[in-house]
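This report describes a single protein model for a reader who has not seen it before. Please look through the sequence and the structure, then read on.

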Amino acid sequence: MRRIRYDRPGGPLFMEEAPVPAPAPGELLVRCEAVGVTLPVVRKVTEAAEPIALGGEIAGEVVAVGEGVTRWAPGDRVTGLCFGHGYADFALLQDAMASPIPDTASAVDAVTLVRSGLVAYGALDAARPEPGETALITAAASGVGHLTVQLARIRGAARVTGAVSDPAKAGFVRALGADEVVGYGDDSWGEPADYALDAVGGELLTPALAALAPGGRLVAYSSGGGTIQAYDLLVAAKSVIGFQMARIARGRPALYEQWRAELWRLFTEGSLRPAVHGEFALADAGKAHETIENRANLGKVVLIP
């Protein structure tokens, strides 16, 4: 089979031939039809001290199951988060991380909606939104962010502000339902928000926190790190909440499935509209990474093996 990897920090990515893996106990072997490219994986390639397996969101058909797997059989269509080599023709998926793909949805729909949607839904839930409150969404045009903008509106936000890296993204974000779009470098991020969902981290934490109204909540779910001064929280009784999807998937599987079912329901009824920036051939994984590194994507970036 074909597989994408790299052999030194920073890349470049290249394609190689590799044996098709065999599923261990509790694993599924999936023929990949679509692979979602995520910012955390892109960052690991550029920042990790040693090369890693390029994992991430995959969707496709089960071709074999390991010992102890009873929920799935060859021919089932599944999606989930792969922790090993996912940029490949075939990938291994842990039983607990697999979810079914409805008959009415494609593999591209699945990698665009499920994992990114779960992160968006979970980060929003962590903010404890109340109907009529106002929301601020950073990385509003990203694979997660464009779903977060829509979900905030669905959950009753009276006003949604999207923050983006490039003013050229404003039209896309407004079409998702945002009332206002601001740039990261703008002097003002509009009217103070009741809660902010930050997917960027780093230096952006400071303006995101400053954009909150007194008593506002900032949910940080970025892999970008960053530091916040305790005094900045105290002066206006603001709070910061950390959110990690893996903790929900592993520790609260019933809630994970509840959120997943709700995402598919919203998708099926047309309330939630996942957007695909581009579908790249597996051999063009490097170009897909460059698109995200350059913050050029409007919606999800997908690889097609």
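## Gly224 and its loop

Gly224 is in contact with Arg43, Val200 and Gly202, leaving aside its neighbours within four places in sequence; contact means heavy atoms within 4.5 Å. The place of Gly224 is in the loop between β12 (212-220) and α6 (230-234). Helices (H or I, at least four residues) and strands (E, at least two) are DSSP runs, numbered from the N terminus. Gly224 counts as partly exposed, at 32% relative accessibility. For these classes, buried means under 20% relative accessible area, exposed over 50%, and partly exposed in between, with a 1.4 Å probe and protein chains only. From C-alpha to C-alpha, Gly224 and Glu203 are 9.2 Å apart in space, and they are 21 residues apart in sequence.

## Basis of the model

The model is predicted: local features need pLDDT of at least 70, side-chain atom pairs count only at pLDDT 80 or more, and totals for chains, interfaces and linings use all residues. Residues are numbered from 1 along each chain as its sequence is written, and side-chain values use heavy atoms, with hydrogens and water left out.

## Overall form

The protein has 9 helices and 15 strands. Its C-alpha atoms fill a box of roughly 55 × 40 × 35 Å, taken along the principal axes. The radius of gyration is 19 Å, which agrees with the value near 19 Å for a compact globule of 305 residues. That radius is taken over C-alpha atoms, and the globule rule is 2.2 Å times the number of residues to the power 0.38.

Of the 305 residues, 52% are buried. Among contacts between residues at least 6 apart in sequence, 64% join residues at least 24 apart. The protein exposes about 12900 Å², and carbon and sulfur atoms supply 51% of this area; the areas come from the Shrake-Rupley method with a 1.4 Å probe, and for residues only the protein chains shown count as cover. There are 27 positive and 35 negative side chains, and the centres of the two sets lie 2 Å apart. Lys and Arg count as positive and Asp and Glu as negative, while His and the chain ends are not counted. Each charge is placed at NZ of Lys, CZ of Arg, CG of Asp or CD of Glu.

In β3, 9 of the 11 residues are buried, so the strand is mostly covered.

Helix α1 (residues 39-47) has Val41, Val42, Arg43 and Val45 as its buried residues. Their cover includes β3 (27-37) and α9 (285-293). Thr291 is found in helix α9 and is buried, with a relative accessible area of 13%. Beyond four places in sequence, Thr291 is in contact with His277, Phe280, Ala296, Asn297 and Val301.

Ser116 lies in helix α2 (residues 107-126). At 2% relative accessibility, Ser116 counts as buried. Not counting residues up to four places away in sequence, Ser116 touches Glu57, Gly143, Val144, Leu147 and Lys300.

## Glu180 in strand β10

Glu180 is found in strand β10 (residues 180-183) and counts as partly exposed, at 24% relative accessibility. Leaving aside neighbours within four places in sequence, the contacts of Glu180 are Val160, Thr161, Gly162, Arg174, Gly190 and Glu191. Glu180 and Glu191 are 11 residues apart along the chain, with their C-alpha atoms separated by 9.6 Å.

## Backbone details in loops

The peptide bond from Gly11 to Pro12 is cis, with omega near 10°. Pro12 lies in the loop between β1 (2-5) and β2 (14-17).

Arg128, in the loop between α2 and β8 (134-138), has a positive phi of about 55° although it is not a glycine. Ala237 lies in the loop between α6 and β13 (239-242). The phi of Ala237 is near 55°, a positive value in a residue other than glycine. Ala237 is exposed, with a relative accessible area of 56%.
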